[in-house]
Amino acid sequence: HVVTVPLAPLLASPEDGAVVNASDPVVFEWSAVPCADEFAPPIYTLELSEQSDFATTLHTESTVELSESFTFDGAYAAVYWHVQAVCDGVSGEQSTLRQLEVVGTQTMVHVATNGNDTNDGSEEHPFQTIQRGIDALPDGGEVVVHEGEYSITSTIAMASGILLRGATGDPSDVVVDAGGACKVIECFDVDATAGIEGLTLRDGLAPGGSNWGGGIGLFNSSPSITRCILLGNEASIGAAIHCYQASSPVVTECLIAFNTGQSSVLGAGSSLPLGEAAPHYEHCTVYGNEVTGVGNRGILLCSQYATPRLEACVVSRSIGGVALRELNGAEAIVNCSIFWGNAEGPGDVADQIDGEVNFALEPLFCDPGGLEFGVANVSPCLPGNNPCGVLIGAYGESCTVTVVADGVPMGTALGQNRPN
C-alpha cells in the first residue's frame with residue numbers, strides 16, 4: 001500500500017519565549033496529524049533539549065495523545081522543543097522549533113569535577129562548572145562544590161543570594177585555579193546575601209583593562225568571605241581582594257598568602273563620597289605577599305572614602321611596601337592584630353602597635369613554606385598568650401616547641417631581621 005509522509009504538527013503551547021517555573025508541571029500541546037490509515041493513529045514524539053540542534057536531550061517521550069506533561073527539576077536559561085509525528089512507521093517532518101526559559105525553584109545545586117553541565121545539578125547528577133551552578137539558581141541558593149581542582153579560563157560571576165561553598169569546609173579540598181588566564185571571582189552589585197566559603201582561589205590575574213582584584217574583585221558588593229585561601233593571585237590593585245565603591249565584605253578566617261600586586265594586595269577605595277569601601281577582616285592570616293610598585297603602596301592600601309577594619313589578624317613577612325598605607329584621608333581601624341617581619345615596616349599602623357592592643361611579635365607559624373599556618377603552642381596568636389584573649393590569625397595551635405632559658409623557642413627558625 002501507499003504510505004503518506006505525515007505532516008509536521010502545529011505547536012499550541014507553551015508559546016515561543018514562554019517562562020515557566022521549575023517543579024511546576026508544564027503541559028506541551030500540539031495539533032493532530034492525519035494518517036492514511038485512519039485505524040492506525042499517529043505516534044507523536046516530544047523532544048526537549050538545551051541545544052537547538054538537539055545534540056543531547058533533557059527529555060524524550062512518545063505518545064498517541066496531543067499533549068504531554070513534564071516537570072523540570074532545575075533552572076535552564078533556554079530549553080528548545082519540537083514534536084514529530086510517525087504514521088505507519090514513517091516519520092514526518094519536525095515541527096517548528098520553540099524555546100522557553102525555566103526559572104529555578106531549586107535552593108541547592110552540586111558541582112563536581114566528574115559532572116556535566118547538561119545534568120540537573122543534583123548530588124547524583126552534578127554540574128561540572130561553578131558558573132553553571134550559579135546560573136541555575138536565579139532566585140538564590142547554595143552551590144556546593146565537591147572536592148577537586150577546577151581550572152577556569154573565564155572569571156566566575158557571583159550573584160546576590162548565592163552561597164558558593166566547598167563541600168567539606170576545608171579550603172584545601174576545593175581549588176579553583178585560574179592559571180593566570182583571568183580573575184577568579186568577580187562581584188558586581190552583589191549584596192550581603194551572597195557568600196563564598198571553604199574554597200582555595202588560586203593564580204588569578206586581573207587583566208590590564210580591569211586591573212583590580214585578581215582573586216576576588218568587588219564593585220558595589222559585600223559578600224561574606226569565610227575560611228578561604230587566596231594564593232598566588234596577581235593584579236595592579238588588590239591582588240588578592242579589591243573593594244571598590246560601596247563594597248563592605250566581611251572576610252573571616254582566611255589565609256591570604258604569596259599574592260603579588262603593584263600597589264596593593266588588599267585594596268579598598270572609592271571615587272564617590274556615597275560609596276564608602278569598608279571591608280572587615282577578622283581572624284585572617286596575611287603572609288608572604290609582595291608589592292612591586294614604587295611610591296604609595298602597601299599590602300593593605302586604603303584610599304579615599306575607605307575605612308577598612310582589621311580585627312585579630314596577622315600581617316607578616318611581606319615583601320616590598322609597608323603593611324598598611326592610608327591615602328587621601330582614609331582611615332583603617334586595627335585591633336588585636338600582629339604586624340611582624342614586613343619588609344618596609346608596619347606603615348601607617350605603627351602608632352597603633354602598643355603591645356596592649358596591637359603587637360609586633362613573631363607569630364611562630366609551624367611551617368609557612370609548606371602552607372602550614374597553624375602556630376606553635378607558645379605563639380602570641382593563641383588566646384592564652386596575648387592580652388586580648390582571642391585567637392589572632394586564621395589558625396590555632398598545631399605544633400609544639402620548647403622554650404629554653406633565654407626565651408627563644410627551640411626548633412624554630414629565626415628569619416632575616418626586618419624592620420617592623
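Predicted model: local features only at pLDDT ≥ 70, side-chain atom pairs only at ≥ 80, totals over all residues.
**Salt bridges**

I searched the whole structure for salt bridges and got 10 of them. I looked up the one between Arg202 and Glu149, whose side chains meet at 3.2 Å, N to O. Arg202 belongs to strand E18 (residues 200-202) and Glu149 to strand E12 (residues 148-151), so this pair ties together parts that are 53 residues apart in sequence. I noted a relative accessible area of 21% for Arg202, which is partly exposed, and 44% for Glu149, which also counts as partly exposed. I then found that Glu149 and Arg202 are linked with Asp177 in a network of salt bridges.

My next entry is Arg227 with Glu197, a salt bridge in which the closest N and O atoms are 3.8 Å apart. Arg227 sits in the loop between strand E20 (224-226) and strand E21 (229-231), while Glu197 is in strand E17 (residues 195-197), and the pair links distant parts of the chain, 30 residues apart. I recorded Arg227 as partly exposed at 33% and Glu197 as partly exposed at 21%.

For Arg297 and Glu344 I read a distance of 2.5 Å between the closest N and O atoms of the salt bridge. Arg297 lies in the loop between strand E30 (290-291) and strand E31 (298-302), and Glu344 in the loop between strand E36 (338-340) and E37, so parts 47 residues apart in sequence are tied together by this pair. Arg297 is buried, because its relative accessible area of 14% falls under the 20% limit, whereas Glu344 is partly exposed at 41%.

**His82**

I located His82 in strand E7 (residues 76-87), where it counts as buried at 8% relative accessibility. Its side chain makes a polar contact of 2.8 Å with that of Glu47 and another of 3.5 Å with that of Gln94. Leaving aside neighbours within four places in sequence, I listed the contacts of His82, among them Thr45, Phe54, Ser95 and Leu97.

**Met108**

I placed Met108 in strand E10 (residues 108-111) and noted that Met108 is partly exposed, with a relative accessible area of 34%. Not counting residues up to four places away in sequence, Met108 touches Gly121, Leu137, Glu142, Val144 and Arg165. Of these I checked Leu137, which is 29 residues from Met108 in sequence and 7.8 Å away, C-alpha to C-alpha.

**Sheet E37-E38-E39**

I traced an open sheet of three strands in the order E37-E38-E39, with mixed pairing. Strands E37 (365-367) and E39 (397-399) are the edge strands, each pairing on one side only, and the twist averages 70 degrees from one strand to the next. Strand E38 (residues 372-376) pairs with E39 in the parallel sense over two bridges, and I found Val375 opposite Glu397 in E39.

Key
Residues numbered from 1 in each chain as written. Heavy atoms only, no water. Pairing = 2+ DSSP bridges. Helix = DSSP H or I, 4+ residues; strand = E, 2+ residues; numbered from the N terminus. Axes fitted to C-alpha atoms, helices over the stretch in contact; angles between N-to-C directions. Buried < 20%, exposed > 50% of the residue type's maximum accessible area, 1.4 Å probe, protein only. Contact = heavy atoms within 4.5 Å. Polar contact = N/O pair within 3.5 Å; in protein donor to acceptor, adjacent residues only side chain to side chain. Salt bridge = Lys/Arg side-chain N within 4 Å of Asp/Glu carboxyl O.
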